[in-house]
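Here's a quick briefing to read with the model open beside you. We'll zoom in on one residue, then step back to take in the whole chain.

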Amino acid sequence: MGRLVLEETHSPNLKMADNKISLVLVVNGAETTVEANINAPIQVVAQHALNSTGDHARPLSEWELKDDQGRTLDLSRKVKDFGFADGAVLYLTLAVGVNGS
């Protein structure tokens, strides 16, 4: 399990603590916590989760990120667009059709 901190600065007047959320990502059964800036694209969170768990064999484009209800998330959208609660659990799995599935 790893913990990564992702930060973006858009304005020197913004305090980063106000723009952060902790997300728990389950990557093929391995759990990792990512502290993400809510203004960052969710794909940044997904990529850091892959890096944290050592899943480097496949590019992010071959993975799907889903919420706890099984809905596939658009990786180009910002974290804040989804309205996640702090500590929300997301699932990153190989997309259907990868590895002959």
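Start with aspartate 67: leaving out residues up to four places away in sequence, aspartate 67 touches Leu73, Val89, Leu90 and Tyr91. Keep in mind that you're looking at a predicted model.

**Around aspartate 67**
- You'll find aspartate 67 in the loop that links strand S4 (63-66) with strand S5 (88-94).
- Is aspartate 67 buried or exposed? Its relative accessible area is 8%, and the cut-off for buried is under 20%, so aspartate 67 counts as buried.
- The side chain of aspartate 67 has a polar partner in the side chain of arginine 71, at 2.7 Å.
- That aspartate 67 side chain also reaches a backbone atom, the nitrogen of glutamine 69, at 2.9 Å.

**The overall fold**
- The protein has 5 strands and 1 helix.
- Read from the N terminus, the elements go β-β-β-α-β-β.
- Take the contacts with a separation of 6 or more: 60% of them are between residues 24 or more positions apart.

- The protein has 101 residues, and 36% of them count as buried.

**How confident is the prediction?**
- The average pLDDT for the protein is 85, and 79% of the residues score at least 70.
- Residues 3-16 have a pLDDT below 50, and in the model this stretch has 28 contacts beyond near neighbours in sequence.

Key
Residues numbered from 1 in each chain as written. Predicted model: local features only at pLDDT ≥ 70, side-chain atom pairs only at ≥ 80, totals over all residues. Heavy atoms only, no water. Helix = DSSP H or I, 4+ residues; strand = E, 2+ residues; numbered from the N terminus. Buried < 20%, exposed > 50% of the residue type's maximum accessible area, 1.4 Å probe, protein only. Polar contact = N/O pair within 3.5 Å; in protein donor to acceptor, adjacent residues only side chain to side chain. Contact = heavy atoms within 4.5 Å. pLDDT = per-residue confidence, 0-100.
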